[in-house]
Amino acid sequence: MDETALDNLRGALRGGVVGPGDPGYDRARGIYNAMIDRRPAAFARCVDVADVRTALAFARDNGMATAVRGCGHSGPGLCLVDGALTLDLTPMRWVHIDPEARTARVGGGSRLGDLDHAAHTFGLGVPSGIMSTTGVGGLTLGGGHGHLTRRYGLTIDSLLAADVVLADGSFVTASVDRHPDLFWALRGGGGNFGVVTSFAFRLHPVDTVGVAITLWPVDQVREVLRWYREFLPGAPEELSGFFALLTVPPGPPFPEPLHGSKMCGVVWCHTPAHPGTAPEEERARLEKAVAGVAAAGPPAFHFTTVMPYPALQTMFDQLLPTGLQWYWRGDFFDAISDDAIAVHEKYGQNLPTALSTMHLYPVDGAAHRPGPDETAWAYRDALWSGVIAGIDPDPANAALLRRWCVDYWTELHPHSMGGGYLNFLGEEEPTDRVRATYRANYDRLAEVKHTYDPANFFRANQNIPPA
């Protein structure tokens, strides 16, 4: 893009433009995953719908590829494309709560922490991810799961409407009553269909939650997973717990003798059955709910407490800040077989770095109530959403992270359901992998894509070409 064109775009946007010659360019192209190093032609900082429409028109008129950044939390860095225009929605960071209607409207550049904070003062919340720094937009469009999924479903199950700027610049609101085909596709279909400038969510009662962390030595993976696979699906929906392979980080609440030890464990969240439950009563209910952990073998560490839900959502923020090297792959599972457990044992004992990990997130309970064709998310029969993540601050370890993750995933994948959570797909995933993620819903998504983006203008994503 020449400077004249760049100046024209600067003059047309309220939010401004950051180009390669500007002092803030390198900072602008820095995203959550530091393994991604790309150089867009420019960043169009959009403060409102008018800016989004103007930037899209500019990209169309100049034949430019376009990517969209809600928060920059994309693992494969889909918000950055070399030589393309990035529509940066981060200035659109706002949340409006209606406590009487129990709804929230959220700007396209908002983070989960913004939504959690605004809703919490009313004792409300939305089921979402597990880190406050994650973008609402990308998480929601991919489906969204976390601590509240068993109790309240996926993030998309609480989505009421979305404001969308389409590839031709037109503005629509998608809901069950307006553009229902687009609304169906947005609930799990990713960024294929337009720029979502705001979301409307149904809110649910959530205030103080019970939190527990249970750890066992990594050589007990077999016993722990055999117990966990039977225990959690039969537990009340108020209880969630994701399984993890990890290296114990230094600092509280972990005792110093465990620091640096390879462990397996479960991070538990218990949501009170009734709003306003007293903290001491909630802690007692939590401890009763997880009392069976000893059946997996004596834990090396077991910690219980109660905390405001937004505090739980920030628990991993400092451990995993922006700027680390990441490489990840994911799959859905309807069982944890003994053969799969053998793979977890092998790679859990050989975590390549202190931050590298594997998580199994439960996606049953309330998430199983909608049918597989009610939203684009097709895996309503999955019990767990797994992710293998190689993580480290040192760029010199990038190849090591990639090799460990790919080898682990390659051995584990035959024991999966075939597809994975959209937000856990890696870079350069083949077309058949994206198709497997949507099962029978793929062809319908391709038809919706043809209706709303027939030229595949929005293709910087896990792409679904138009039918």
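View A. Helices here are DSSP runs of H or I with at least four residues, strands are E runs of at least two, and both are numbered from the N terminus. This is a predicted model, where local features need pLDDT of at least 70, side-chain atom pairs count only at pLDDT 80 or more, and totals for chains, interfaces and linings use all residues. Residues are numbered from 1 along each chain as its sequence is written, and side-chain values use heavy atoms, leaving out hydrogens and water.

View B. Helix 13 (residues 431-438) has Arg433, Val434, Thr437 and Tyr438 as its buried residues. Because they cover an arc of only 140° around the axis (taken from the directions from the helix axis to the C-beta atoms), they sit on the same side of helix 13. Thr431 and Asp432 are exposed, on the face turned away from the buried side. Buried means under 20% relative accessible area, exposed over 50%, and partly exposed in between (1.4 Å probe, protein chains only).

**View C. Two residues with positive phi.** Most residues other than glycine have a negative phi. Arg102 has a phi near 55°, and lies in the loop between strand 5 (95-98) and strand 6 (103-107). Arg102 is partly exposed, at 40% relative accessible area. Asn456 also has a phi near 55°, in the segment after helix 14 (442-452). With 12% relative accessibility, Asn456 is buried.

**View D. A cis peptide bond.** Pro252 and Pro253 are joined by a cis peptide bond, with omega about 5°. Look for Pro253 in the loop between strand 13 (239-247) and strand 14 (262-270).
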